[in-house]
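Keep the viewer open as you read.

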Amino acid sequence: MEFLEYVSRNAQQIIFLTTQHVQVVLLSVAVAAVIGVSLGIATERAPRLRRLLLAFTGTLLTVPSFALFGLLIPVLGLGLAPTVVALTVYAIFPILRNTVTGLETVDPAVVEAARGMGMNSWGRLRTIRLPLAWPVILNGIRVSTIMVVAIAAIAAAVRGPGLGELIFRGLARIGGANALNQALAGVVGVVLVALVLDLLFVLARRLTTPRGLRV
Amino acid sequence: MSDSFGSTALRLDSASPPNDVMIKLEGLRKRYPGQSTDSVRPLDMEIRRGEFVVFVGPSGCGKTTTLRMINRLVEPTSGQIWIDGRDVTHTDPDELRRHIGYVIQQVGLIPHLTISQNVGLVPKLLGWDKKRIEPRVDELLDLVGLDPAQYRRRYPKQLSGGQQQRVGVARALAADPPVMVMDEPFGAIDPITRERLQDEFLKLQQRIRKTIVFVTHDIDEALKLGDRIAIFGESSQLAQFATPLEILSHPADDYVRSFVGTGAAIRRLGLLRVGDLEGAGGGAGAGPALRVPPETTVYAALEQMLDAGAARLAVDGEPGAERSLSLQEMLAAAARGRQVPS
Amino acid sequence: MSRAEGVIDVEAEAPVASWVLPVLAVVLTAGMLGYLQVASLDSIEQRVLVPDAILDATIQHINLVVASTLLVIVIAVPLGILLSRRRARWLGAPVLALANAGQAIPSIGVLVLLAILVGVGFSMAVVALVIYALLPVLRNTMVGLQQVDRSLIDAGRGMGMSARQVLTTIELPLAVPVMLAGIRVALILNVGVAALATYTNAGGLGTFIESGIVFNRMPILLTGSVLTIALALIVDWLAGLAENKLRPRGL
């Protein structure tokens, strides 16, 4: 009960931080999606470059987020900028990988048939390969989003926006009256944001998957 | 079908196996929990020592379930299983399976073990001495036509599908089990290799005389391999259990007839050996004759006669026992043809 | 940390040429240390960036990672095996679902909640790391066992292997690559989360990142960040080597 009381009393602040959290995540993922999908398409004729990019962005994932934030501060300062850049960096790999997988797994017979009809490569990409690969790409975006929602909680360490602030404030008041409630509100908030966004992706998948693939 | 019938008779030798029962199924029944009908209806069957029995039928007919009840990978709902006079319905299943060779369509070689380790698995389970396992493995690889020196140390992935199944057979034979159960062992292998494996396996069986229960959905394979064939109906009951010739000559009902398909009369010719044709005197007749050994099937002999444009057949035999048959005589004899001994 | 909070890949990712990671790590470390030699450090920086302190923090960091990863293996592997046995299999799906959902929990959250509820320090940080890295290993153990070809198990049973013999000679060796991939993810995760352990007084290289931010001193901040990244790269490289070494032959 105590926790719920805390939440209702601080609802305004919690909602504000939640909105911030969602915004920074969506912004980063949107940038990453543009980069990831374009790189996936642009490197179609350059398989070696593509492998290199996959390896590079994959290795970036092993870089601890706290250290990456730290590395960006001298260049970008504290706050929003390093947060968005770091989150974007992490979000690229799943999207790029799924774009590549999605495009590669399109049934070659379908593409061949389109070629036989006289469709050029841009036409094939736009009307056949991208729509067929879309569910896979979307899933990559989903994976990135869920991942980045959790990482964004660390951004508060570099004065970044979002629910991480509640966690760090709870930590700062350790032993104090509302320390636990505050930190818990932050953690629960992050988990809820992840769950809600995950659900939205299920919905988006339904709405944007070409009908023929759903039946 | 062509060639597959030509070699059928090779498996036969004169000595009939002893007539005692090796596997006896009594009222064997399987119903899976939550289902309203039996997957296998109560089944009675006796399989003789050294006999090669093939279960054949459409998918879902219960043939595989029946097979898997013999080594108790599927526990029967009721009924009894006797092997070599012993009721094994409730014995330790692991111990039972170590004495029944098991070959499956997917082969199931363990990918991280070498060929020789795979073949030596059951002997190892039985606690054999390493010194005894090694020569046994080599012997078995030899037996299935793989050079031990070359294959012993390889891993399953380094072998072709056909070679893998040879190893699968070797593995099943490792501890010299009296009984083997085989679940569509050649089903996933390309047709040409399959035929070769079937032929070799028949030759092998002639030497080792195991009691074999073999599942397939391919009636041609069943006719080619089986001493007796059990045709399962769609409602998981036995439609006919008889020799190939009997099934071709006297199908029990329309279901069996349609299952066997067209050309039964022609197919029978693949089961008859010219040496067994009745009647037919010795004297040479008119026209060029084709000379064949007595174990040639009528099917193969006719094919060769067509090729050669011969109207008569000369069957090799002991001096003085050679026989000569005209086309007419062959056909008449084949129509009466008795089951080749098995 | 990343793969981290994300969904764990069952398969290994596109491999980087194996020498790239350690070379990069060495170059980063050498560059950083070289920079510290030539840079003119102010009094705060000089006080914080003592060679002994850097070494201590590095060792602390490694200790955190090693202790928590070992514990994770000891707990998650047997648990995963248990949950994939036939009698407990009904539990498997809900546990996996829970494990997946658990990945939405931020690592800093686990660390902080535990600090508030139980206490701070090295062992509490280890506990937090274990809780956090348990999921990928548990999950990959279960998935690794589940993906073993059923016909192999059938063949093993058909030969007369007991359930235990099937587990030890067939299922476990074949699950090893997937299990190792999970352990590798746990290791990487732990390097990352251990960097945050500074907030709960457990030391580690994160200490420098935190001080760098607090004192607004870039050399301190960079020392912590670069060394943490170098450590992560080396751990990933070593884990990759171990993965190749331990994978059963013939696969």
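Buried area here is the accessible area, taken with a 1.4 Å probe, that two parts lose on being put together, summed over both. With that in hand, on to the contacts; bear in mind that this is a predicted model.

Chain C and chain A bury about 3500 Å² between them, and carbon and sulfur atoms give 83% of that. Chain B and chain C bury about 1800 Å², with 62% of it on carbon and sulfur atoms. Here are the two interfaces side by side:

| Interface | Residues in contact | Salt bridges | Residue pairs in polar contact |
|---|---|---|---|
| Chain C and chain A | 47 residues from chain C, 41 residues from chain A | 0 salt bridges | 1 residue pair |
| Chain B and chain C | 22 residues from chain B, 19 residues from chain C | 2 salt bridges | 6 residue pairs |

So who does the touching? The largest share, 10 residues, comes from α10(C).

Over at the contact of chain B and chain C, one of the salt bridges joins the side chains of C:Arg157 and B:Asp94, at 3.9 Å from N to O. On the chain B side, the elements giving two or more residues are α3 (93-97), β6 and α5 (121-125) of chain B.

Now for a sheet in chain B. What order do its strands take? The sheet is open, has 6 strands with mixed pairing, and reads β6-β7-β8-β3-β9-β10. β6 (100-104) and β10 (238-242) of chain B are at the edges with a single partner strand each, so one side of each has no neighbour in the sheet. From one strand to the next, the twist averages 15°.

Within that sheet, β3 (residues 52-56) and β8 (residues 211-216) of chain B pair in the parallel sense over 5 bridges, and B:Val53 stands opposite B:Val213 in β8(B). Helix α2 (residues 63-70) of chain B lies across β3, β6, β7 (179-183), β8 and β9 (228-232) of chain B, and runs at about 150° to β8(B).

Last stop, chain A. In helix α8 (residues 164-172) of chain A, the buried residues are A:Gly164, A:Leu166, A:Ile167, A:Phe168, A:Gly170 and A:Leu171. What do they pack against? Their partners are α1 (2-9), α2 (11-42) and α9 (179-208) of chain A, together with α5 (107-117) of chain C.

How values were computed
Residues are numbered from 1 along each chain as its sequence is written. Chains are lettered from A and ligands numbered from 1 in the order in which they are written. This is a predicted model: local features need pLDDT of at least 70, side-chain atom pairs count only at pLDDT 80 or more; totals for chains, interfaces and linings use all residues. Side-chain values use heavy atoms; hydrogens and water are left out. Buried means under 20% relative accessible area, exposed over 50%, partly exposed in between (1.4 Å probe, protein chains only). Helices (H or I, at least four residues) and strands (E, at least two) are DSSP runs, numbered from the N terminus. Contact means heavy atoms within 4.5 Å. Two strands pair if DSSP finds at least two bridges between them. Axes are lines fitted to C-alpha atoms, for helices over the stretch in contact, and angles run from 0 to 180 degrees between N-to-C directions. A salt bridge is a side-chain nitrogen of Lys or Arg within 4 Å of a carboxyl oxygen of Asp or Glu. A polar contact is a pair of N or O atoms within 3.5 Å; within protein, one must be able to donate a hydrogen and the other to accept it, and residues adjacent in sequence count only if both atoms are side-chain atoms.
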